[in-house]
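Thanks for making time. I will go through one structure, starting with charged pairs and ending with the core.

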Amino acid sequence: MPKVSPKQQRLAAVPLFRAFSDRELALLTRLADEVHVTEGELLIREGGVGHEFFVIASGHARVRRHGKEIATLDPGSYFGELALLGEPVRDAEVVAATDMDLVVIGAREFFTLLTDAPDLTRAVLRGMARRLQEADLARF
């Protein structure tokens, strides 16, 4: 049985990655970075260009659009995929509400994972569909 690294164990505990096969988890471990940020740190600037996908391993973040708080993100939440899949300009600001541990995946690595880890592709598509439905409901 192959030895599982501490990083791989931490990534396997993140809800978005729990269904990953051992092969997908090993690929994720090679491609993803783990980053610790402190409360108040700006993670994404509204209007900035996006090059990363973020998954919250621990902690909480606030999402603001045009200065108005529109959401709070909890462990297991992810953000940044829209700038990688569509228009690269970030449509909101994300700030660490607490100290946080993040899984950060660059654009090239993100597309490798979408190709080689179908569970991630399905999860991202489900999340995008949910956000679209929520945005539609908020308009009416």
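Arg 64 has a relative accessible area of 25%, so Arg 64 is partly exposed. Keep in mind that this is a predicted model. The side chain of Arg 64 forms a salt bridge with that of Glu 93, at 3.1 Å from N to O. Arg 64 sits in strand β4, residues 61-65, and Glu 93 in strand β7, residues 93-96, so the bridge ties together parts 29 residues apart in sequence. Glu 93 is also on the partly exposed list, at 21% relative accessibility.

Arg 10 is partly exposed at 44%, and Glu 34 is partly exposed at 35%.

The other one is local. Asp 119 and Arg 122 form a salt bridge at 2.7 Å, N to O. Both are in helix α5, 3 residues apart, which is about one turn of the helix. Asp 119 comes out at 23% relative accessibility, partly exposed; Arg 122, at 43%, is partly exposed.

How are α2 and α4 oriented, parallel or antiparallel? Their axes come within 10 Å and cross at roughly 175 degrees. An angle over 145 degrees counts as roughly antiparallel, and therefore α2 is roughly antiparallel to α4. On the α2 side the contact uses Arg 23, Glu 24, Leu 27, Leu 28 and Leu 31; on the α4 side, Glu 109, Thr 112, Leu 113 and Asp 116. By type, the residues of this contact are 4 nonpolar, 1 polar and 4 charged.

Thr 29 is in helix α2 as well. Thr 29 is buried, at 13% relative accessible area. Setting aside residues up to four places away in sequence, Thr 29 touches Ser 5, Lys 7, Gln 8 and Leu 11.

Last, the core. The largest nonpolar core has 22 residues, and Leu 16, Phe 17, Leu 28, Phe 53, Ile 105 and Leu 120 have the most contacts inside it. At least two residues of this core come from each of α2, β3, β8, α4 and α5. There is also a second, separate core of 15 residues, including Phe 54, Ala 96, Leu 102 and Val 104.

Conventions: Residues numbered from 1 in each chain as written. Predicted model: local features only at pLDDT ≥ 70, side-chain atom pairs only at ≥ 80, totals over all residues. Heavy atoms only, no water. Core = buried A, V, L, I, M, F, W, Y, C linked by side-chain atoms within 4.5 Å. Buried < 20%, exposed > 50% of the residue type's maximum accessible area, 1.4 Å probe, protein only. Helix = DSSP H or I, 4+ residues; strand = E, 2+ residues; numbered from the N terminus. Contact = heavy atoms within 4.5 Å. Axes fitted to C-alpha atoms, helices over the stretch in contact; angles between N-to-C directions. Parallel < 35°, antiparallel > 145°, perpendicular 65-115°, else oblique. Nonpolar A, V, L, I, M, F, W, Y, C, P; charged D, E, K, R; others polar. Salt bridge = Lys/Arg side-chain N within 4 Å of Asp/Glu carboxyl O.
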